[in-house]
Amino acid sequence: MQSQLKQRIPNWQSLSQSARTLAPGLLLSVTVAAAATFLAAHYGAPQMLFALLLGIAFHFLADDSKCQAGVEFAAKKVLRFGVALLGLRITVEEMTSLGWEVLVWVALGIALTISIGMLVAKILGRRIQFGVLTGGSVAICGASAALAISAVLPKHPFSERNTLFTVIAVTAFSTIAMVIYPIFVNLLGFDDRLAGIFIGGTIHDVAQVVGAGYSISPQAGEFATITKLLRVALLVPVILVISLYFRSHPDKDSEKADIPLLPFFVVGFCICVAINSAHILPVGVTNTLSGLSSWCLVSAVAALGIKTSVKKLFTIGYEPILMVVIETVAIAAWVLVGIYWFF
């Protein structure tokens, strides 16, 4: 008994040491996330954008020996935990409630947008990974998708810069679309169902989808939210395909050649969807964990901002902006075709 106790003591000491090592950087990331949440609630701007900008302001701490480990932990481990908990926002019943024609059309739209991203990236002389990152972010769920996809892409010296740019770009375009798209669907004379499907099928970030949908009507907001959650649910097969592709097409210039087939956080996402679909957890617990997911993602974005310098960000050029514009127009056009032909 005493020998077993002695064997356990070093483990607890190691755990305590790890906590002390991670605490400063992790606390910094959470504090930035809390400030971003406060500002977003009071000024109506996107929470993720505030987290990025505030994080960038603290870039001088990125190389601090006390903060470095915790910031890295928030940018990777906390991110993946938050993505896994996203599954608690989705049920299988919600995904199928719009009809199979909408489900199939949305899935094809995601594949098309990512393919266009890869093609445009190649034409503009950018890495295929960058096209996958921007295309997947536009096609699925904006900043959250950017963080999840970047976690399984091969790493290279510009990975963090590209991820930060993508988060900023899709957040900015989502905010613009939140204002313009409700006016657009009104001019086209869409009813609440079609307006909701267009809003949920085209705007990048979940928060902006909810804002745009409910600005039209409660019914449009509900359809928009369900359509958007359908896109979020398709993050899992997209991650799987990306992993398979880059395992079979390794990048010689990448720092990391070993790409996981199905990352643990994606498995966790699937488990959370199953739990939510089966209504195993009380509503209060589900809502709490869903809120925790949001905090994790905002903290991860804050950490990403802390790690990235403005100087490096401005070296990205005009091509990535053009890529996001083309992808945004492509998915909007695709959803419009579906509305006029099938829905």
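Colleague: How much space lies in the largest cavity?

Modeller: About 80 Å³. Bear in mind that this is a predicted model, where local features need pLDDT of at least 70, side-chain atom pairs count only at pLDDT 80 or more, and totals for chains, interfaces and linings use all residues. Residues are numbered from 1 along each chain as its sequence is written, and side-chain values use heavy atoms, with hydrogens and water left out.

Colleague: Why is it called a cavity?

Modeller: Because on a 1 Å grid over the protein atoms alone, a 1.4 Å probe fits at its points but cannot get out. The volume is the space filled by probe spheres set on those points, joined across faces, edges and corners. Searching the whole structure gives four cavities of 30 Å³ or more.

Colleague: What makes a residue part of the lining?

Modeller: Having an atom within 4 Å of a point. For the largest cavity that includes F130, L133, K155 and H156. Both α6 (128–139) and α8 (159–187) supply at least two residues each; helices here are DSSP runs (H or I, at least four residues), numbered from the N terminus.

Colleague: How do the lining residues of the largest cavity divide?

Modeller: Four nonpolar, six polar and one charged.

Key. On a 1 Å grid over the protein atoms alone, a cavity is a set of points where a 1.4 Å probe fits but cannot get out, and a pocket is an open set with protein on both sides within 12 Å along at least five of seven lines; lining residues have an atom within 4 Å of a point. Ala, Val, Leu, Ile, Met, Phe, Trp, Tyr, Cys and Pro count as nonpolar, Asp, Glu, Lys and Arg as charged, and the others, Gly among them, as polar.
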